Amino acid sequence: MKLTRRDALFATLFGGSMIGLRSIATGLPVKFLLDPGKALADLKDAQCSIDASLAQFVVLNTSGNGDPFGCNAPGTYDDGGAGTGTDYSKLVHPSDAQSGVVGINKQTISLGGKNYGAAGPWSTLTPATLSRMSVCHLMTNTPVHPKEPQVLQLMGATQYQEMFPSVIAKSLAPCLGTLQAQPISIGASSPSEALTFGGQALPTIPPRALKATLTNPVNTLSTVQHLRDDTLQKMHDFYASGAVKVSAAQKQYVDAYITSQQQVRNIDQNTLAMLNSIGGTGSTTNSDQVTAAIALILMGVSPVIAVHFPFGGDNHADTNFAAEAAQTVSGMAAMVDLLSRLPKSVNGVAELTDKVTFINLNVFGRTMDAAKNTAGRNHNQDHQVSMMIGAGFKSGVVGGVGPSNKTLKQGANDWGCLKIDSGSGVGNPASGDIDPVDTLASWAKTVMRGVGIDQATTDAQIGSGKVITAALAKP
């Protein structure tokens, strides 16, 4: 029998025999459906080992292009009064007049009770979003595009060279009850952005492929109500047969998972309608990625969804910063779109606002010196900005920028990240307790704590760096 690409993708997402859709339809973990007898015997293994109420779905925006995302972020126009001593007049930013893009001029936003300058599109983030956004200035210590996989491995800081998206997905999957622990990339634009899990390469699933798979007559989500009834009947017959002895506690555990009929109807109607809005031809758009990411979260397929919202790309010859300005506008609009759509829930009751965290990490940042960057930017291994937006994070700017004296041709004598004081979050070149080379691992540890993963697991998975407690809502 010929296996079509659509069938292969469906099997990747939902397994054979529609086991994944059966799990979505009933709410029961795949492990129960595959072997209910063994699943009951191993009940402890199926349970979450961290505080499930804190566990977050994660949307990761990543780029192997080294986008100039951090060149126009809070902390590159001023330090909010922290007194880092940086002369910000020497850092160059695009302007409306220069780039020809309306809305890129500096605006003031409030983070953690301090006012910071930032490119105009940052001011489109709502006060609610800014109240749970931490902006972190760090370095990846590489100026090389193909090093994106190593950056996602935190440059050797993770246990067994596991990619950071997979590290957090493994801990979050049991608590979120997702169909799989493996993260899913829907926006990878180059081979360097592909993800791995336990050393195994994972496929990239473009939004249009997801739409084609789940809205076609054979694999359509419209079958979930029938699958629910059929699966629950089979589960009932299995337990009634006496094949295994079921305790009251075990029965209560299983019953707690079972999805209501109303939820099933909304999985069908809402998610199908959402997927149908994805475009039919052409390149993947930011809007398509937003739609696909939310659909995968609503279906509970994976704890981590990777996207790629462009923010200027590899802009060595970006005259007047035109592409950087335009994509800063469009990229920030994609973030706003994603965050504004999170409250919409699949069951009309539980909201996603407090269950989804948005983070970003690029392979490297870009040079910012005004004397050398007038027609584009070079690679900068010493500075990159990552943000965290979610219920587990405190509003503010972590770290900052100062002179960098690298001898590399790209980024020589430019600007790099400062040492970070983990307790206050301030960038302090003299007394910070996190050296620039450890900022990447420290950021990752902070993300893990902010999305609900305990300290012991965090320390076991990442061997260097320390948690930046100043960035956490609950240190």
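Select Thr231 first: outside the four places in sequence on either side, Thr231 is in contact with Arg22, Thr26 and Leu33, where contact means heavy atoms within 4.5 Å. The model is predicted, so local features need pLDDT of at least 70 and side-chain atom pairs count only at pLDDT 80 or more, while totals for chains, interfaces and linings use all residues. Residues are numbered from 1 along each chain as its sequence is written, and side-chain values use heavy atoms, with hydrogens and water left out.

Colour helix H10 (residues 224–240) next; Thr231 is found there. Helices (H or I, at least four residues) and strands (E, at least two) are DSSP runs, numbered from the N terminus. Thr231 is buried, at a relative accessible area of 5%. Buried means under 20% relative accessible area, exposed over 50%, and partly exposed in between, with a 1.4 Å probe and protein chains only.

Now the disulfide. Select Cys48 and Cys175, which a disulfide joins with an S to S distance of 1.9 Å. A disulfide is a pair of cysteine sulfur atoms within 2.5 Å, and a search of the whole structure finds one. The link of Cys48 and Cys175 is right-handed, with 75° about the S-S bond. Cys48 lies in the loop between helix H4 (36–41) and strand S1 (57–63), and Cys175 in helix H8 (residues 164–176); the pair links distant parts of the chain, 127 residues apart. Cys48 is partly exposed at 25% relative accessible area, whereas Cys175 is buried at 14%.

Move to Cys136 and Cys417. Cys136 is in no disulfide. The sulfur of Cys417 has its closest cysteine sulfur in Cys136, 8.3 Å away, so the distance is too far for a bond. Cys136 is buried with a relative accessible area of 1%, and Cys417 also counts as buried, at 9%.

Then show the largest nonpolar core, which has 118 residues. A nonpolar core is a set of buried Ala, Val, Leu, Ile, Met, Phe, Trp, Tyr and Cys residues joined through side-chain atoms within 4.5 Å. The members that touch the most other members are Phe14, Trp122, Met133, Phe164, Leu172, Met335 and Trp443. Helix H13 (residues 286–298) supplies the largest share of this core, eight residues.

Centre on Met133. Apart from neighbours within four places in sequence, Met133 is in contact with Leu111, Trp122, Leu125, Met387, Met388, Ile389, Lys394, Ser395 and Gly396.

Finish at a second, separate core of six residues, among them Cys71, Tyr88, Leu91 and Val401.
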